[in-house]
Amino acid sequence: MTQTLFSPLVAGDLHLPNRIVMAPLTRSRAGAGNVPGPLAALYYAQRASAGLLISEATQVIASGQGYPSTPGIHSAEQIAGWQRVTAAVHAAGGRIVLQLWHVGRISHRSFQPGGALPVAPSAIRPAGQVFIGSGMADFETPRALETAELPAIVQAYVDGAANAIAAGFDGVEIHAANGYLLDQFLRDGSNRRDDAYGGSIENRTRLLREVIAAVTARIGAGRTGMRISPEQTFNDMHDSAPQALFNRVAEIASEAGLAYLHVLEGDIAGGPGAGVDYGAIRQRFHGAYLANHAYTGERAAQAIASGRVDAVAFGKAFIANPDLVTRLQLGAALNQADQATFYGGDAKGYTDYPLLAAL
Ligand SMILES: Cc1cc2nc3c(=O)[nH]c(=O)nc-3n(C[C@H](O)[C@H](O)[C@H](O)COP(=O)(O)O)c2cc1C
């Protein structure tokens with residue numbers, strides 16, 4: 001049977017009533033202690049008609065933060081803040097998973113406990129600058145993690161996953177995309193380690209394998225998804241053989257029985273791409289394949305009807321259209337997202353985008 005955007009989808013333990021997913025979107029509006037506030041509950045509940053909501057990236061440990069006012073999932077107050085969000089989403093009939101995040105080298109001393117250096121697989125400074133609240137600063141050369149420190153990193157993801165379930169989330173998404181810590185271990189542009197976590201593809205995927213194994217052992221593979229971005233150059237990322245690397249990552253995700261693999265196809269930084277064949281990646285993963293990046297409703301419908309993808313995640317369209325599902329169903333016009341209010345601020349550009357009926 002030909003599937004549409006509005007066909008239900010089973011992804012592990014997650015039962016999506018439609019295939020329109022809200023992509024993870026950092027909005028930098030957490031309150032003191034990086035606790036998501038009451039407005040976050042309203043924001044996510046407004047979008048609860050999505051087949052699945054994926055939360056903004058959420059640091060699993062204090063040292064995993066790299067931007068102002070991003071929420072965490074490592075304190076009792078943060079768990080309580082998220083409980084407010086999940087309760088509001090569930091009351092509105094929705095489903096929501098939490099994106100588990102550690103930024104690695106994409107940070108700055110000013111975010112780190114004790115003003116320490118950010119950590120990474122290798123002491124390689126990313127090109128570019130970091131926003132530290134008072135302005136922009138150059139990235140610093142991170143400190144390479146010792147082999148003996150890696151079990152604590154794995155444990156931080158496990159604790160984050162357990163805390164997410166305690167906060168009422170329906171599952172988690174392991175963030176292995178966009179140049180953050182797990183992606184930094186995967187790609188050889190940022191991983192020059194000479195221990196068992198660097199060098200070969202087997203070694204570079206080791207930390208991710210350990211995180212997947214430990215998280216799924218704790219909360220179940222059916223509640224665990226993962227995001228990857230094979231061609232993304234954002235955050236100064238590159239790899240010498242992305243197809244081979246991410247083919248293997250897809251096999252690892254499949255062997256672990258993950259509910260879904262969420263693939264950011266292409267490069268949001270606007271690079272030419274590395275010619276990655278996403279069909280080859282999809283073929284190796286036997287759970288649900290979620291695609292993302294610059295999809296319109298039309299392209300998404302075609303991709304699903306052709307069987308190339310199982311569901312599509314929308315980013316900017318969901319920022320600006322809380323009722324995106326209804327709009328796609330009716331073929332209605334979409335509100336345009338206002339970039340000036342993406343990060344930080346209050347209700348403006350967050351919870352005040354108009355619904356179709358109110359136009
Ligand atoms: C404001 C903003 C915040 C984002 N935050 C995250 C994030 O927290 N985690 C993540 O994996 N991707 C993040 N992204 C990337 C989006 O999830 C998505 O991949 C990107 O917007 C492309 O999809 P689109 O073309 O449908 O907008 C963010 C993008 C934007 C515009």
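## Gly-271

In this predicted model, Gly-271 counts as partly exposed because 14 C-beta neighbours lie inside 10 Å; a buried residue would need 20 or more, and an exposed one 12 or fewer. Gly-271 belongs to the loop between strand 12 (260-264) and helix 8 (278-284).

Relative to Leu-9, Gly-271 is 262 residues away along the chain, and the C-alpha atoms of the two residues are separated by 32 Å.

## Strand 5

Strand 5 (residues 96-101) is largely enclosed by the rest of the structure, since 6 of its 6 residues are buried. Ile-96, Leu-98 and Leu-100 point one way from the strand, whereas Val-97, Gln-99 and Trp-101 point the other way.

Strand 4, helix 2 (residues 76-91) and strand 5 together form a right-handed β-α-β unit.

## Ligand shell

The ligand is surrounded by 22 residues, of which Ala-23, Pro-24, Thr-26, Ala-57 and Gly-315 are the closest. Strand 4 (52-59) and helix 10 (316-320) are the elements that each contribute two or more residues to this shell. By residue class, the shell comprises 12 nonpolar, 7 polar and 3 charged residues.

Definitions and conventions:
Residues are numbered from 1 along each chain as its sequence is written. This is a predicted model: local features need pLDDT of at least 70, side-chain atom pairs count only at pLDDT 80 or more; totals for chains, interfaces and linings use all residues. A residue is near a molecule or strand if its C-beta atom, placed from the backbone, lies within 6 Å of it. Helices (H or I, at least four residues) and strands (E, at least two) are DSSP runs, numbered from the N terminus. Ala, Val, Leu, Ile, Met, Phe, Trp, Tyr, Cys and Pro count as nonpolar, Asp, Glu, Lys and Arg as charged, and the others, Gly among them, as polar. A crossover is right-handed if, with the strands pointing away from the viewer, the path from the first strand over the helix to the second runs clockwise.
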